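Please open the structure in the viewer and keep the selection panel at hand.

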Amino acid sequence: MTLQTRTNGTLRHLLTLEGMTRAQLEALLARAQKFVKPIGEPPVQSRSLDGITVANMFTEPSTRTRVSFELAAKRLGADVVNLEVQLSSRVKGESMLDTIYTLEACHVDVFVIRDAEAGVPGLVAEHVQPHVSVLSAGEAHLSHPTQGLLDALTILQAKKKFDGLKVAIVGDVKHSRVARSALHVLTTLGVGEIRIVAPRALMPEAGEFVGCERFTSLDGGIAGVDVVMMLRIQKERMATAQIPDADRYFAKFGLSAERLAKARPDAIVMHPQPMNRGIEIASDVADGPQSVIRDQVRNGVAVRMAVLEAVIEGRH
Ligand code: NCD
């Protein structure tokens, strides 16, 4: 955690939301909100990252996170390079750190890293030069800090508060970095009740999500909640098939309009995407009036602008 902050108290790296203070999180959300514009209007642009170079290094697939980090950096005036893992030397055996040192020699200031292996963003953060920042764009099943921030911002916009809210996180909680980062940020920001709803095989270990009530039935789990956060089934993180076929999964854990009626009438529906329509969520719910899924994407750009600006501003 101390690795994330400079001695002057400013944010240097963003590797996890766990252990960040409420004040730090609120400051990032407030900064992000200034970058939010309604969909359809021109985006906010500034020059606060003039002369800065950002490298996106994604060794796992990504659409939204990679594109939004790239757009965020460009809208602040930075230069951006995207490393395609298939093209990079990592496949030739060059170590991750050698790639980092090469890019540092090309004056890269910020590394945005997504990796399926736990510990990679932290390892890089320990080895970069003092002026360089590392932002995690998703670390194994463990954390996805900018996703947690955009989820918190989306909830705040819709509900205007965190205190007293009931949030249900539904689906493959066991393998979800999105759920873990949501837990960290929402707990610190004062959400009263976080429930996890999953089939037994996709429940996290008992030592995790301490304090969250656990439900193995969707109807019970979402009864009366303000926020329903659906998750994708992470087949790529399962050694063996741990879930029933798609139809049976939808019948038990899929969010249909009928099921959603068990939540509060003004409940919002979230999903980090990519969505498996018809497996974890029905299309009419994903595209329906309670869905804030596109707001999450819009907020993702704003949050990544805020984080980039904060880590660069803190260098001075
Ligand atoms: C998520 C991820 O990669 O962790 N996607 C995202 O960043 N929006 C969720 C997922 O892949 O299911």
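Begin with the lining of the largest pocket, whose residues divide into 5 nonpolar, 9 polar and 7 charged. In this classification, Ala, Val, Leu, Ile, Met, Phe, Trp, Tyr, Cys and Pro are nonpolar, Asp, Glu, Lys and Arg are charged, and the others, Gly among them, are polar. A pocket is defined on a 1 Å grid over the protein atoms alone, as an open set of points where a 1.4 Å probe fits, with protein on both sides within 12 Å along at least five of seven lines; lining residues have an atom within 4 Å of a point.

The model is predicted: local features need pLDDT of at least 70 and side-chain atom pairs pLDDT 80 or more, while totals for chains, interfaces and linings use all residues. Residues are numbered from 1 along each chain as its sequence is written, and side-chain values use heavy atoms, without hydrogens and water.

Next, select Arg114, Arg177, Arg232, Gln273 and Pro274, which among the 21 lining residues are the closest to the centre of the largest pocket. Then display helix H2 (64–75) and helix H6 (177–188), each of which supplies at least two residues of this lining; helices are DSSP runs of H or I with at least four residues, and strands are runs of E with at least two, numbered from the N terminus.

Now select the ligand, which sits in the largest pocket, meaning that more than half of its atoms lie within 2 Å of the pocket's grid points. Which polar side-chain atom lies 2.7 Å from an oxygen atom of the ligand? It belongs to Arg177. A nitrogen atom of the ligand is 2.9 Å from a polar backbone atom of Pro272, and a nitrogen atom of the ligand is 3.0 Å from one of Gln273. Such polar contacts are pairs of N or O atoms within 3.5 Å.

Finally, move to Gln273 and Pro274, which are joined by a cis peptide bond with omega of about 0°. Pro274 lies in the loop between strand E9 (268–270) and helix H10 (283–286). Most peptide bonds are trans.

Note on methods
Polar contact = N/O pair within 3.5 Å; in protein donor to acceptor, adjacent residues only side chain to side chain.
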